[in-house]
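Keep the structure open and follow along.

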Amino acid sequence: MKNAQVKATQLKDYVAPAFLVDHVDLAFFLKPEATKVHSKIKIRQNSNSKKPLVLDGDELRLDSVSIDGRVLSTDEYLLNEFSLTVPDFPAEGELEIVTFIDPVQNTKLEGLYLSGGNFCTQCEAEGFRRITFYPDRPDVMATYTVTVHADKASYPILLSNGNLIDQGVNEDGSHWARWDDPFPKPSYLFALVAGDLACHEDVFKTRSGQDVTLKIFVEHGNEDKCAYAMDSLIRSMKWDEDRFGLEYDLDIFNIVAVSDFNMGAMENKSLNIFNSKCILASPDTATDMEFERIEAIVAHEYFHNWTGNRVTCRDWFQLSLKEGLTVYRDQEFTADMRSAPVKRIQDVRTLRARQFPEDSGPLSHPIRPESYIEINNFYTSTVYEKGGEVIRMMAEILGKEGFRKGLDLYFKRHDNQAVTCDDFVAAMEDANGVDLNHFRLWYSQAGTPEVEASWSYDAEEKSFTLTLDQLTAPTPGQKTKQPLLIPFTVGLIGENGEELSLKLQGESDDGPVTSRCTLRFDQEHQTFKFIDVHQRPTPSLNRNFSAPIKLSTKYTTEDLGFLMGHDKDAFSRWDAAQTYASRLILKMVQTIQEGGSPKFDAQYAEKVALNIADKSLDPAFLAQMLTLPSVDYVTEQMEVADFAAVEKARSVFKVGIAKALFEQFKDLYLVANDTMPYSPDSISAGRRALRNAALGYLSVIDDPECLKLVVAQFDTSDNMTDRMVALSLLADIPGEEREKALSEFESRYADNTLVMDKWFAVQATSTIPNALDEVKKLLSHSAFSYKNPNKVRALIGAFSGANPARFHAEDGEGYRFLADSIIRLNSINPQVASKILAPLGSWRRMNATHQKMMKTELQRILDTENLSNDVYEIASKSLS
Ligand code: B3K
Ligand code: ZN
């Protein structure tokens, strides 16, 4: 059992660095097993406090330390497992350190490591200390010059941040390249790549006329899969100029795609490193959703150049300063490139699926956490997605122009600085002359506010009164909660679906008449009265999901059906359908639990039919309307989770709709059948999504003709989107067709490692009863490797995170399997291990038998020898 003295870092203990670094000069002599790193850093005292100089280090072999050219004897410094201390460092001086590292042994994929034989780095959050001794914290910003030496034949491409300023050949035939980054940066943005890579090149002219060379480097053979990422990059650069006036600031922007990467991508200054999954795409290998994701991630990393790199975080507690803001920016970009309502729906779906459970579980934390054991555990949905929602709420409160003014002031004040979330809010306040003090609570208070809305209409007075109550449940470490400032957007809908104009009692008459307004809801209990309401309206609430809350209402099913057919706010219209469907599914769950057989309520199908008949609807939106709430989302609403019953009820519900609207789905599928060649644009993707949603319904009807349609789509489609949809539908239908499709797919894509990940995932998420046995068999498939994070996520992560009914199987095998996997991964790659642990932490929501089994597995993980901080932190918090 890991000793309990693991130290947590606390926000309240923050102190400014004792020493600052002005310039870093690094020389790398790259060898797979013993890379020499020669570092010269110009250091000066930050104040005359006379503190020792402490440098971070991890798994480094120290060769020598010198100050201003004088080699130190071993008694002049102190070396321990994670630091190098120089007690008497002068007020100013050059520190020279030589270390050796072993990139081959680096399976943690943090620091300098090898992927596909090429050298690459990942330094955020604390990976730089695995390269050389350094004050590895984001508030130490310096300019860097980096010289990379390597064998020319094996590593013809040598890259680092900034501009290439010189290159040459050494006497031993190796070659070198020198890069210089003129912008001061924290060490986490350092990057280096050396390898044999192919390049896809383009150019972008900034609006001030500067040409920027754009290069995407990939493993040979993948050159033909870079065009979409490049196009996304160019559109992002243009968009950031148009929307926020932000231009790129160097003459070169490089992206490198690697196969072994702990997350999606990394925004290193001018040298973004990507998981190849988030760059490579062709119609034959990537789905529409993957094209969209590539576009969003390329944009996200590019946007970090300003929000993250030019202005960075003072400390890691401020992570949401750059991540929440950049998520908001990439969401807005996608909304502009594609359908804004559909993007909003997708984002809320993700928020509800990942962030809400996190916020109500044992790992709940505010978007600005107060303590951590391992910072890598805090790259969470809360910091990212809820962080993005908090920025969005500020934009909603200040308006588009007000938000832009605030952002301009933020850059003006803080360019080249490492700052805090508070600095960001202060810039918003000062630029707009408003007080956001109450709003700041969103940064420090964890948990999802639960809002209850009730209303009444006074026909005589012609008034409509809306009453809102908010409550945030206690979360670990935060027993009492305060009411938050919630921007709550509403509309009132007349009986024919028209938007009624809104007039709040007590508000002056001279404002513009609007049909939607954002209420300032900042107390526990609050009442808003609308006057001159000439008919009984149906309220449309939290429109466009104006705040990240859980809303409960006294809507009748008639109200929900009405909103499903009439709400002009696309998000709320979709949400009404989700609420309606969830309610009905939950009712069926109750019947199942009582031993009865659930009955399908045909009224819902009628409302769906109205939507299908409405030709004014965008196909991409209609596809969303047809997508039922997930098993997870419905189960979230139960006191005691019963995934099996929810899966069963949802499936009966789906079959019910499919049968009731059989003709409509057939029409949608056949009439919309596209004969145009594949294009990944959002209109075509929307059409495909709709057609595939229809096929999804047809596939659940036990009818050989329908099965034939699915098989035919699998056999004949010219693109991965349609092929993959067909494969995942077949994967849920036991039988010959299933086996044939899986094996054909496997032989067709055996050489494409990214596509094989989809093949793993489709089996891991299949609803067939023996899915876990199949997953276990696949662990020995030649394409699977515990060392590759994509593979682990595709097989183990997908099973435990996206196949709830199988993961929570009665016999507890799902839990044992996940714990075994985590224990194994702990010693290979702790970050990946801890990332897939969360599902075991949901035991409080289960019945007593499951609780016991889950806790046993968590304890078994905690009893593992040499448990990493990453896994220890998540497992111990999950159990407590
Ligand atoms: N900033 C990186 C994530 C780093 C994760 C470190 N464990 C990618 C991004 O958010 O853009
Ligand atoms: Zn980011």
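## A helix pair to start with

Let's begin with Lys708: its relative accessible area is 53%, so this residue counts as exposed. Keep in mind that we're looking at a predicted model. Lys708 has a salt-bridge partner in Glu705, with the closest N and O atoms 3.5 Å apart.

## Other salt bridges

The total for the model is 65 salt bridges. One of them joins the side chains of Glu461 and Lys529, at 3.0 Å from N to O. This one ties together distant parts of the chain, 68 residues apart: Glu461 is in the loop between strand E25 (450-458) and strand E26 (463-471), while Lys529 belongs to strand E29 (residues 525-530). Glu461 is partly exposed at 45% relative accessibility, and Lys529 is partly exposed too, at 23%.

Then there's Glu739 with Arg738, where the closest N and O atoms are 3.2 Å apart. Glu739, at 41%, is partly exposed. Elsewhere, salt bridges with shared partners connect Asp231, Arg235, Glu292, Glu295 and Arg338 into one network.

## Around ligand 1

Now for the ligand. Ligand 1 has 14 residues around it, and the ones that come nearest are Glu124, Glu267, Glu301, Asn376 and Tyr384. By class, that shell is made up of five nonpolar, four polar and five charged residues. Strand E20 (265-266), helix H2 (288-303) and helix H3 (319-337) each contribute at least two residues to it.

Which side chains put a polar atom close to a ligand oxygen? Tyr384 does, at 2.4 Å. Glu323 has a side-chain N or O atom 2.9 Å from an oxygen of ligand 1, and for His300 the corresponding distance is 3.1 Å. On its own, ligand 1 has 340 Å² of accessible area, and the protein covers 94% of that.

Last stop: Arg349, in helix H4 (residues 340-360). Arg349 is partly exposed, with a relative accessible area of 23%. Leaving aside residues up to four places away in sequence, Arg349 touches Trp574, Gln578, Gln624, Thr627 and Leu628. Pro629 is 280 residues away along the chain, yet its C-alpha atom is 8.7 Å from that of Arg349.

Conventions:
Residues numbered from 1 in each chain as written. Chains lettered and ligands numbered in written order. Predicted model: local features only at pLDDT ≥ 70, side-chain atom pairs only at ≥ 80, totals over all residues. Heavy atoms only, no water. Helix = DSSP H or I, 4+ residues; strand = E, 2+ residues; numbered from the N terminus. Buried < 20%, exposed > 50% of the residue type's maximum accessible area, 1.4 Å probe, protein only. Contact = heavy atoms within 4.5 Å. Near = heavy atom within 4 Å. Polar contact = N/O pair within 3.5 Å; in protein donor to acceptor, adjacent residues only side chain to side chain. Areas by Shrake-Rupley, 256 points an atom, 1.4 Å probe, with all protein chains shown as cover. Nonpolar A, V, L, I, M, F, W, Y, C, P; charged D, E, K, R; others polar. Salt bridge = Lys/Arg side-chain N within 4 Å of Asp/Glu carboxyl O.
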